[in-house]
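Good morning, and thank you for making time for this presentation. Please have the sequence and the model open as I speak.

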Amino acid sequence: MADLTTKYMGLELDSPLIVAASSISSYIDRIELAEKAGAGALVIRSLFEEQIMFDALQLELDLDVGSESFPEALSYFPEIQHGEADEHLMWIEKTRAAVKLPLIGSLNAITPGAWTKYARQLEATGIDALELNVYAVATNPDKTSIEIEKDLYEVVKAVKAEVTIPVAVKLSPFYTSPLNVARELSALGVNALVLFNRFLQPDIDPQTESLKSEMVFSTPQEMKVPLRHIALLYGRIDSDLAITTGVHSGLDAVKAILSGASAVQTASALLKNGIPYLSTMLREIEGWMDERGYEKLDDFRGKLSQREAEDPFAFERAQYVKLLMSQK
Ligand SMILES: Cc1cc2nc3c(=O)[nH]c(=O)nc-3n(C[C@H](O)[C@H](O)[C@H](O)COP(=O)(O)O)c2cc1C
């Protein structure tokens, strides 16, 4: 039987599937279900610095969460109360006591002081690692890309100096050169990079002439951007790589590992299909490995990364031209 264990940011995980930061972590029973279904780890939803937290929660309350298409999903989006940082930290301590599953805390702050203060407080809850959720949208035309990146590096340096647990950075795809940013972060000692954060894009309702924010689950098509970037990074940096966005099946997870991922994060698929679906995904990975005689994940990890071929996705452009030309 296939061995699904993996090493991710220094943690030994029983499986490569990690429950991504989401509302799943707001319920002990769901976390226990994830542990039972074979999750390798779980990321607890982000601790947002207070103002952001209020905005984010308000946003969530206003969201249409796709409940018409997925009635079961409704229960995953309870009415959320405005929570203070202390409540969040106490919740993590309670979760820590309830499960053995490796827990990864997540933080999204604004001011440099808050990043370090909360990073320290999160570490004190007993989490195994910390994920920095860099959910910053570049909205100021006066700010250059160099300044934006410098701010990021300063935050990461400060947090790394503050905590002893492994630190991951969940990155945005919207950098001029995401590969360069990844390499810089790796050089700062970041233990893992999580590619890529999925941004909620506000929409405009022409009927009411107002803004609307709609939470729609991801689709498997969305995993192509992180997949390609993981393939391009694998073997070139020291940080481990995890994928997030668009992983909806065991075979999607296989694709991520073939590209070079050490771990595979998933949220939408579990919110849509229920937490036990995680074990279906694991069985699918095992089945695929058994068919090919792979005994462990390292037997095929990175097989389709740039390390194995000069540029495994170089054919993309040729295919692009071919596809365009073939359209009538
Ligand atoms: C309801 C919900 C809540 C989320 N909360 C957070 C969060 O607190 N912090 C974070 O970094 N990502 C958060 N995310 C993003 C997920 O962690 C994940 O990166 C994203 O949904 C893409 O993965 P998926 O395609 O598997 O859903 C949330 C996603 C959902 C659906």
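This is a predicted model: local features need pLDDT of at least 70, side-chain atom pairs count only at pLDDT 80 or more; totals for chains, interfaces and linings use all residues.

Residues are numbered from 1 along each chain as its sequence is written, and side-chain values use heavy atoms, with hydrogens and water left out.

Let me begin with the ligand. Its shell, counting residues with a heavy atom within 4 Å, holds 20 residues, and the closest are Ala21, Ser46, Ser218, Gly246 and Ser268. Sorted by class, the shell comprises 7 nonpolar, 10 polar and 3 charged residues; here Ala, Val, Leu, Ile, Met, Phe, Trp, Tyr, Cys and Pro are nonpolar, Asp, Glu, Lys and Arg are charged, and the others, Gly among them, are polar.

Several N or O pairs fall within the 3.5 Å limit for a polar contact. A polar backbone atom of alanine 21 is 2.6 Å from a ligand oxygen atom. Serine 46 places a polar side-chain atom 2.6 Å from a nitrogen atom of the ligand. In glycine 246, a backbone N or O atom lies 2.7 Å from an oxygen atom of the ligand. The ligand taken alone exposes 600 Å², of which the protein buries 93%, with areas from the Shrake-Rupley method and a 1.4 Å probe. Two or more shell residues come from each of strand E3 (17–22) and helix H9 (268–273); E3 gives the largest share, 3 residues. Helices (H or I, at least four residues) and strands (E, at least two) are DSSP runs, numbered from the N terminus.

I turn now to helix H3, residues 85–98. Its 14 residues, at 1.5 Å a residue, should span 20 Å, and the end C-alpha atoms are 20 Å apart, which agrees; the expected span is 1.5 Å times one less than the number of residues. Which residues of H3 are buried? They are Ala85, His88, Leu89, Ile92, Thr95 and Arg96, where buried means under 20% relative accessible area, exposed over 50%, and partly exposed in between. Seen down the axis of H3, the buried residues fall within an arc of 120 degrees, so they line one face of the helix; the arc uses directions from the helix axis to the C-beta atoms. The face turned away from that side carries the exposed Asp86, Met90, Lys94 and Ala97.

Finally, asparagine 108 lies in strand E6 and, at 3% relative accessibility, counts as buried. Aspartate 290, in helix H10, is partly exposed at 44%.

Notes. A polar contact is a pair of N or O atoms within 3.5 Å; within protein, one must be able to donate a hydrogen and the other to accept it, and residues adjacent in sequence count only if both atoms are side-chain atoms. Buried means under 20% relative accessible area, exposed over 50%, partly exposed in between (1.4 Å probe, protein chains only).
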